[in-house]
Amino acid sequence: MKKLVTILLAIGLVFSLAACSETPSTATETVAPATESATTTAASSETAVAQDDSSIVVEWEGVEQPPWFEQPTAEQLELATLDDISGQNMTPTYNGIQTVSADQIAVTDEQYTKLKEGGYKAAICMHSMSFDWPTEQVRGLKQEFENMGIEVVSVADANYNDATQMEQVRAAIAADVDIIVSLPVDPATTYVAFQEAAAAGITLVFMSQGPDNMEAGVDYASVVIPDDFGNGMVAADLMADAIGGTGKVGALYYATDYATTNLRYLGFVTRLKVKYPDIQLVYSAGFEHQDDTQEISTAMFTQFPDLNGVWVAWNVPAQGTIAAARLAGLEPGDCQVITEDLDYDAALNIAQQNYIYGLGTQFPYDMGMTEAKIAGLKLLGEDVPPVVSYANLAVDRSNVVDAYKAVWHEDAGEDIESAVVK
């Protein structure tokens, strides 16, 4: 702790304090037309990391943080000082609960036999099925449920609508399933339906975040989380590598108050603040739909034509930023794009030394298998950890082929492999 205080005092001599106190409103429909959620002006070189009674404030002068932004804790700030964090877990706790590594979750041959004899049924209620991350989650879930002889009776796509998801959860209850696995669209509203499922005796397992007003290990079996804070931090490291540790950058965050993307942004800006004082965040804006980023990025490049890099909350909206960069006449390398989540398009872009320099990634297929294992073990009356976590992984051209295989459980393919060796 003395070391942390010394670090904070030293940084405090350089940076000034700013805070953001605006709170978000709750919306039934989380997908909405494009709105830019942050007012941006040119940032001066004076920035801030300071300590108050309970937490740390991270801010850049002239750049407004998202309305849902939470100050990094002292623990998170200390983690942000560490070196060589790729492949480690930078999320040691979740809602005050100690996380357990996913490699601790295992099903024995005897337990597989018992599950196959149980005639169990499961429903999967997804927030969306519109991109690769949820489809890989479902692929992993289905594979492991098949291994356990558990029938998957439905895979529902809520299309980011909380009311739709609540209807789908209630349909699963009516179908008399034994298991529901889900990612809540809006934890503040969907908890009502999940509480009904719990009251019906259904085993609940969540991915990435649990619903509000329900406690992991008490009201539901477990939540399996990626290291989103760590993936945000490795993205900052990649940004520093890409632009030589100095320059001006922008950040496009997901405007909706969503735990997994909130933590990515928090990890990115906290790591920049602590480790890379010569990198200025000069533009920060939110998108409410992943198709909105081209318009927002066009405004960003107009305001800051000399921008050195842009971080985008995940890979699909990053494509809008790339399209805007092309229209602005920027060549690959003029403005480096750093994002999150590895898919084929992002991997090929990295391999070809195109606009995406690198990204932090999760392991959605493995997460799905772990979620299914936890559900099966809980049905057998076994104790399961309330929070299970995965490590982060930084991906750039040097490891994109191996990373692709680790994440997708298949070879990257000739196009990616040949691009890397050129």
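Some ground rules come before the details. Residues are numbered from 1 along each chain as its sequence is written, and side-chain values use heavy atoms, with hydrogens and water left out. Since this is a predicted model, local features need pLDDT of at least 70 and side-chain atom pairs count only at pLDDT 80 or more, while totals for chains, interfaces and linings use all residues.

**Cavities**

The structure has 2 cavities of 30 Å³ or more. A cavity here is a set of points, on a 1 Å grid over the protein atoms alone, where a 1.4 Å probe fits but cannot get out; lining residues have an atom within 4 Å of a point. Grid points are joined across faces, edges and corners, and the volume is the space filled by probe spheres set on them.

| Cavity | Volume | Lining by class |
|---|---|---|
| Largest | about 160 Å³ | 7 nonpolar, 5 polar, 2 charged residues |

In the largest cavity, 14 residues form the lining, and His127, Phe131, Tyr258, Thr260 and Thr261 lie nearest the centre. Helix α8 (residues 259-275) supplies the largest share, 3 residues. Helices are DSSP runs (H or I, at least four residues), numbered from the N terminus.

The second largest cavity has 13 lining residues, with Trp133, Asp341, Leu342, Pro364 and Trp408 nearest its centre. Two or more residues come from each of α4 (132-147) and α13 (400-408), and α4 gives the most, with 3 residues.

**Cores**

Leu342 turns up again in the largest nonpolar core, which has 110 residues; Leu342, Phe145 and Tyr265 are among those with the most contacts inside it. Such a core is a set of buried Ala, Val, Leu, Ile, Met, Phe, Trp, Tyr and Cys residues joined through side-chain atoms within 4.5 Å, where buried means under 20% relative accessible area, exposed over 50% and partly exposed in between (1.4 Å probe, protein chains only). Helix α7 (residues 228-243) gives this core the most, 10 residues. Apart from it lies another core, of 21 residues, including Ile97 and Val169.

**A helix residue**

Ala198 sits in helix α6 (residues 187-199). Its relative accessibility is 28%, so Ala198 counts as partly exposed. Not counting residues up to four places away in sequence, Ala198 touches Leu204, Met214 and Asp219, where contact means heavy atoms within 4.5 Å.

How values were computed:
1 Å grid on protein atoms, 1.4 Å probe; cavity = no way out; pocket = protein on both sides within 12 Å on 5 of 7 lines; lining within 4 Å. Nonpolar A, V, L, I, M, F, W, Y, C, P; charged D, E, K, R; others polar.
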